[in-house]
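This report describes the fold and selected side-chain contacts of one protein chain. Please look at the sequence and the structure before reading on.

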Amino acid sequence: MAELDRPVQIDVEPDLEGRIVVKVTGPLDLPEVGDLRAVFANLTTIEGPDVVLDLSAVSFLGSSGMGTIAQLHQELADTGRHLSLRGASPMIRKAFGITGLDRMLDLEASPGEAVDHAPPAGDPA
């Protein structure tokens, strides 16, 4: 498949809380996980802020995508950082629930909700 024909787009930018937001647009399954891994390879090799994976524009999340997200969560945790998932559709949330990944991952519905779940600065909670 030619590079321009690829159905997934991944954008990286900071948010107002200083975290890195990785927004995925399109499907996320076996053909696309390599792109996501490449982005995270850069993020996990440097010290940096926590990461938000924005799934609000993901049209399909397959088992390879879910497994990759779980692995990326662990890789960030190994560096002392946190991965939050933002904007997962009800169907994607259900898939995380069925697999049990919802107990491991921090699923947020909207950009503001990720902040609401984080303990206030200096709060040992």
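**Overall fold**

The model is predicted, and local features are described where pLDDT is at least 70. The protein contains 4 helices and 5 strands. Read from the N terminus, the order of elements is β-β-α-β-α-β-α-β-α. Of its 125 residues, 38% count as buried.

The 5 strands form an open sheet in the order S1-S2-S3-S4-S5, and the pairing is mixed. S1 and strand S5 (106-108) are the edge strands, each of which pairs on one side only. On average, neighbouring strands of the sheet are turned by 25 degrees against each other, with direction ignored. S1 pairs with S2 in the antiparallel sense, over 6 bridges. Glu 13 has Val 21 of S2 opposite it.

**Helices on the sheet**

Helix H1 packs on the sheet, where it touches S1, S2, S3 and S4; the direction of H1 makes about 170 degrees with that of S2. Helix H2 lies across S2, S3 and S4 and runs at about 175 degrees to S3.

H1 spans residues 30-44, which is 15 residues. From the first C-alpha of H1 to the last is 21 Å, close to the 21 Å expected at 1.5 Å a residue.

Which residues of H1 are buried? They are Glu 32, Val 33, Leu 36, Val 39, Phe 40, Leu 43 and Thr 44. These residues lie on the same side of H1, because they cover an arc of only 130 degrees around the axis. The face turned away from that buried side carries the exposed residues Pro 31 and Asn 42. The cover over the buried residues of H1 includes strand S1 (9-14), strand S2 (20-28), strand S3 (51-61), helix H2 (63-78) and strand S4 (83-86).

**Salt bridges**

The count of salt bridges comes to 3.

| Pair | N to O distance |
|---|---|
| Asp 15 and Arg 19 | 2.6 Å |
| Arg 19 and Glu 17 | 3.2 Å |
| Arg 86 and Asp 15 | 3.8 Å |

In the pair of Asp 15 and Arg 19, both residues are buried. Arg 86 and Asp 15 are likewise both buried.

Through shared partners, the salt bridges join Asp 15, Glu 17, Arg 19 and Arg 86 into one network.

Definitions and conventions: Residues are numbered from 1 along each chain as its sequence is written. This is a predicted model: local features need pLDDT of at least 70, side-chain atom pairs count only at pLDDT 80 or more; totals for chains, interfaces and linings use all residues. Side-chain values use heavy atoms; hydrogens and water are left out. Helices (H or I, at least four residues) and strands (E, at least two) are DSSP runs, numbered from the N terminus. The expected span of a helix is 1.5 Å times one less than its number of residues. Buried means under 20% relative accessible area, exposed over 50%, partly exposed in between (1.4 Å probe, protein chains only). The arc is that of the directions from the helix axis to the C-beta atoms. Contact means heavy atoms within 4.5 Å. A salt bridge is a side-chain nitrogen of Lys or Arg within 4 Å of a carboxyl oxygen of Asp or Glu. Two strands pair if DSSP finds at least two bridges between them. Axes are lines fitted to C-alpha atoms, for helices over the stretch in contact, and angles run from 0 to 180 degrees between N-to-C directions.
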